[in-house]
Amino acid sequence: MANFTREAIKTTFIRLLEERQFSEITVKNIVEECGINRNSFYYHYQDLPALLEEIIREESDAVIQKYSSVNSIVECFDALEEFASNRRRAIMHIYRSVSRDVFERYLMQTGEYFISNYIDALAVEGDVDRALIDRNKSLIVGYYKCLFFGVIIEWLECGMDEKKAKEFRRIFKLKADTADEIAKILKSQL
């Protein structure tokens, strides 16, 4: 029963977040919609920000599960775009709220995960020395996760405009030789 209540709280919160700003949602709104009492809410969640963080973490985990391996910079972008655009209106309401930092933290962590996996795949597939990748990995991952973070934030600033997303994706397609570029940089470090 507790798991059912927890899921009902999350489902209701997400639905409300699709309809209105985060600041306009109260625990009272959620418990009335779910047909539970306030104590049931507080049994599962400390407050609304804790509920929000759990939902964002679950969304991040779901995208990571779906894209368990990425084979290109374009796939990294696609995965992050999906993370940012699942439940579009809700994400925009979060992005424009005081809890924006929670979304941004998970966006950065998710980006780091995908870039790190991509760099690891280069080591397996390419002819770049693993030790060389390991010595430079944090620098490369740091650069690309910040690049992706900035692109996604710019896209959110534009209201998730589809045209803008296509432009960004096109840039990453044009840079499809990124793996070769990274390999050359690493080899030049010898």
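Hi everyone. Before we start, keep in mind that what you see is a predicted model.

Let's begin with the middle of the protein. The largest nonpolar core contains 57 residues. Among those with the most contacts inside that core are Phe13, Ile30, Phe41 and Phe114.

Skipping its neighbours within four places in sequence, Phe114 touches Val63, Ile64, Tyr67, Val70, Cys76, Ala79 and Leu80.

Next up, a helix pair. H5 covers residues 73-85 and H9 covers 162-174, and their axes sit 8 Å apart at an angle of about 155 degrees. Because angles over 145 degrees count as roughly antiparallel, H5 is roughly antiparallel to H9. The crossing of H5 past H9 is right-handed. So who meets whom? On the H5 side you have Ile73, Val74, Phe77, Asp78 and Glu81, and on the H9 side Ala165, Phe168, Arg169, Phe172 and Lys173. Sorted by class, that contact has six nonpolar residues, four charged ones and no polar ones.

Last stop: Ser99, which sits in the loop between H6 and H7. Is Ser99 buried or exposed? Its relative accessible area is 6%, and buried means under 20%, so Ser99 is buried. Apart from neighbours within four places in sequence, Ser99 is in contact with Phe22, Leu52 and Ile94.

That's my tour, thanks!

Note on methods
Residues are numbered from 1 along each chain as its sequence is written. This is a predicted model: local features need pLDDT of at least 70, side-chain atom pairs count only at pLDDT 80 or more; totals for chains, interfaces and linings use all residues. Side-chain values use heavy atoms; hydrogens and water are left out. Axes are lines fitted to C-alpha atoms, for helices over the stretch in contact, and angles run from 0 to 180 degrees between N-to-C directions. Helices (H or I, at least four residues) and strands (E, at least two) are DSSP runs, numbered from the N terminus. Angles under 35 degrees count as roughly parallel, over 145 as roughly antiparallel, 65 to 115 as roughly perpendicular and the rest as oblique. A crossing is left-handed if the near helix is turned anticlockwise from the far one by less than a right angle, and right-handed if clockwise. Contact means heavy atoms within 4.5 Å. Ala, Val, Leu, Ile, Met, Phe, Trp, Tyr, Cys and Pro count as nonpolar, Asp, Glu, Lys and Arg as charged, and the others, Gly among them, as polar. Buried means under 20% relative accessible area, exposed over 50%, partly exposed in between (1.4 Å probe, protein chains only). A nonpolar core is a set of buried Ala, Val, Leu, Ile, Met, Phe, Trp, Tyr and Cys residues joined through side-chain atoms within 4.5 Å.
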